[in-house]
Amino acid sequence: MAQAAQINVLDLNCPIKVEHDRKRRQFTVRLNGSHDRAVLLYEYVGKRTVDLQHTEVPDAYRGRGIAKHLAKAAMDFVVEEDLKAHLTCWYIQKYVKENPQPQYLERILH
């Protein structure tokens, strides 16, 4: 019974749904329909510039590709809104290095 409680959306072959809360400046993924969430936090540091600051996935859900979905959603947001981005979060730096799409690279501030 305890294992049944550990099943999350990935175990059921459901797509991971990333939600964007613009007021709280965060991207989230609800895990297992519970209060557990994976989160990517950002702040505006200028009129058209964001700092992608922190990505966190609860220990029990790590290694399942959840952070990758958060990073993609955040970078797609930067592109869609035609923003510039500082990548304070090490995971997003890693994601962009592994997915060096021109539309991402041209928006990153060093």
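Visitor: How many helices and strands does the secondary structure of the protein chain come to?

Guide: There are three helices and five strands, where helices (H or I, at least four residues) and strands (E, at least two) are DSSP runs numbered from the N terminus. Along the sequence the pattern reads β-β-β-β-α-β-α-α. Please keep in mind that this is a predicted model, in which local features need pLDDT of at least 70 and side-chain atom pairs count only at pLDDT 80 or more, while totals for chains, interfaces and linings use all residues. Residues are numbered from 1 along each chain as its sequence is written, and side-chain values use heavy atoms, with hydrogens and water left out.

Visitor: What share of the residues of the protein chain counts as buried?

Guide: Buried means under 20% relative accessible area, exposed over 50%, and partly exposed in between (1.4 Å probe, protein chains only). Of the 110 residues, 35% count as buried. Ile-16, in the segment before strand S1 (19-21), is buried because its relative accessible area is 14%.

Visitor: How do I check the span of helix H1?

Guide: The expected span of a helix is 1.5 Å times one less than its number of residues. H1 (residues 66-80) has 15 residues, so it should span 21 Å, and its end C-alpha atoms are 21 Å apart, which agrees. Buried positions in H1 include Ile-66, Leu-70, Met-75 and Phe-77. Asp-82, which follows H1, has a positive phi, near 55°.

Visitor: At what angle do the axes of H1 and H2 cross?

Guide: Two packed helices are described by the angle between their axes and the distance between the axes. Axes are lines fitted to C-alpha atoms, for helices over the stretch in contact, and angles run from 0 to 180 degrees between N-to-C directions. The axes of H1 and H2 (residues 90-98) come within 10 Å and cross at roughly 80°. That makes H1 roughly perpendicular to H2, the term for 65 to 115 degrees (under 35 is roughly parallel, over 145 roughly antiparallel, the rest oblique). Contact (heavy atoms within 4.5 Å) is made by residues including Ala-71 and Met-75 of H1 and Tyr-91 and Tyr-95 of H2.

Visitor: Which side chain of opposite charge is nearest to Asp-51?

Guide: Lys and Arg count as positive and Asp and Glu as negative, with His and the chain ends not counted. A salt bridge puts a side-chain nitrogen of Lys or Arg within 4 Å of a carboxyl oxygen of Asp or Glu. Asp-51, in strand S4 (residues 49-56), is buried yet has no salt bridge, and the nearest side chain of opposite charge, Arg-25, is 11 Å away. Beyond its neighbours within four places in sequence, Asp-51 is in contact with residues including Tyr-42, Glu-43 and His-86.
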